[in-house]
Amino acid sequence: MNNQQGHQSGFISIIGRPNVGKSTLLNRVIGQKIAIMSDKPQTTRNKVQGVLTTNDAQYIFIDTPGIHKPKHKLGDFMMKVAQNTLKEVDAIIFMVNAEEGFGRGEEFIIEKFQSVKTPVFLVINKIDKIHPDALLSVIESYKEKYNFCEIVPISALEGNNVDRLLEQLKEYLPEGPQYYPADQVTDHPERFIISELIREKALHLTREEIPHSLAVVIDKIERQDKKDIIHVMATIIVERDSQKGIVIGKQGKMLKEVGQRARVDIENLMGSKVFLELWVKVQKDWRNKMTQLRDFGFRE
Ligand code: GDP
Ligand code: MG
Ligand code: K
């Protein structure tokens, strides 16, 4: 994991009505077809949709389901989850369609921005479909509604101005570590399951001594071709030194136990022998962000 000075990283939530071009933007930014999965039925979960790693920054894009007028109780709940996400991320991209005027849907979303301090980018997409003069009036109509930190017209499909959007976004990312390995563009389901298995063992074995929101990050999953063995490296992240002590245990006993139990489950999952290497790290902000963004409202 990279933690050098001058490195910026942060979480960005992309929101907007269906079909405004959110997935198209992500695909363009990440350069691979990875956001297609975002069209699955909505869940309450905040999913990492894509990670862009450059020389000096890492952008983690988060799907924020539930920003729409609630129709039922679950809708209310999801709305709450979504609102909490908006508070936690470093920047919000609010995407609108240049071809369509300001409507009730947009109004409803903008209302949600009033209670958060997070900078909101207004990204006006599909500018390839309108006359430049029309763009000016679209910009004006939105300017009246909210104090957006930046207004960026783009064409996600053709790529116009997308680089500029990324540059501007970077200005709003705090100094921070590379949360994901550079070669990782999206959360691999396997990675996620493995991290959950480790998390579960750690929580179970340490009981109430460790807050429920302990996080596990998978640093590496490496298949060794010759031998039928998978090498997994993972970091358990806690908030305080005292918690690190508990997770490691006397002479490393606790960590060893966590590792042994998790390894058995991972081997069953992968159908192969696993060499599991676990590390424990104290990192306050990281833990808060990762766990709240990824897990808020998800578990019991
Ligand atoms: P999402 O529902 O917000 O994720 O929207 P999608 O990314 O799936 O895009 C919906 C439709 O709009 C697709 O047919 C895209 O090809 C199209 N689209 C997205 N961005 C642009 C753009 O900049 N220009 C044009 N002309 N079409 C776009
Ligand atoms: Mg989509
Ligand atoms: K605000």
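**Around the ligand**

Author: The shell around ligand 1 divides into four nonpolar, seven polar and four charged residues. Keep in mind that this is a predicted model.

Reader: OK. Which residues come nearest to ligand 1?

Author: Of the 15 residues around ligand 1, the nearest are Gly 21, Lys 22, Ser 23, Thr 24 and Leu 157.

Reader: And which helix gives the most to that shell?

Author: Helix H1, residues 22–30, with three residues.

Reader: Switching to cores. How many residues has the largest nonpolar core?

Author: The largest nonpolar core has 40 residues. Those with the most contacts inside it are Ile 12, Ile 92, Ile 93, Phe 94, Phe 121 and Val 123. Among the elements that give two or more residues to this core are strand S1 (8–15), H1, strand S4 (91–97) and strand S5 (120–125).

Reader: Which strand gives the most?

Author: S4, with six residues.

Reader: What does Phe 94 touch?

Author: Leaving out residues up to four places away in sequence, Phe 94 touches Ile 15, Gly 16, Ile 109, Val 120, Phe 121, Leu 122 and Val 123. There is also a second, separate core of 24 residues, which includes Ile 194, Ala 215, Val 216 and Val 238.

Reader: Now sheets. In what order do the strands of the three-stranded open sheet come?

Author: The order is S7-S8-S9, and the pairing is mixed. Strand S7 (215–224) and strand S9 (273–282) are the edge strands, as each pairs on one side only. On average, neighbouring strands of this sheet are turned by 15 degrees against each other, direction ignored.

Reader: In what sense do S7 and S8 pair?

Author: Antiparallel, over nine bridges, with strand S8 covering residues 229–238. Arg 223 stands opposite Ile 230 in S8.

Reader: Which helices lie across S8 and S9?

Author: Helix H7 (residues 241–248) lies across both strands and runs at about 155 degrees to S9. Helix H8 (residues 253–270) also lies across S8 and S9, running at about 135 degrees to S9.

Reader: Last one. Where is Ile 193 found, and why is it called partly exposed?

Author: Ile 193 is found in helix H6, residues 189–206. Ile 193 has 15 other C-beta atoms within 10 Å, so it is partly exposed: buried needs 20 or more, and exposed means 12 or fewer.

Reader: How far apart are Ile 193 and Leu 269?

Author: They are 76 residues apart in sequence and 8.8 Å apart in space, C-alpha to C-alpha.

Conventions
Residues are numbered from 1 along each chain as its sequence is written. Chains are lettered from A and ligands numbered from 1 in the order in which they are written. This is a predicted model: local features need pLDDT of at least 70, side-chain atom pairs count only at pLDDT 80 or more; totals for chains, interfaces and linings use all residues. A residue is near a molecule or strand if its C-beta atom, placed from the backbone, lies within 6 Å of it. Helices (H or I, at least four residues) and strands (E, at least two) are DSSP runs, numbered from the N terminus. Ala, Val, Leu, Ile, Met, Phe, Trp, Tyr, Cys and Pro count as nonpolar, Asp, Glu, Lys and Arg as charged, and the others, Gly among them, as polar. Two strands pair if DSSP finds at least two bridges between them. Axes are lines fitted to C-alpha atoms, for helices over the stretch in contact, and angles run from 0 to 180 degrees between N-to-C directions. Two residues are in contact if their C-beta atoms, placed from the backbone, lie within 7 Å. A nonpolar core is a set of buried Ala, Val, Leu, Ile, Met, Phe, Trp, Tyr and Cys residues joined through C-beta atoms within 7 Å.
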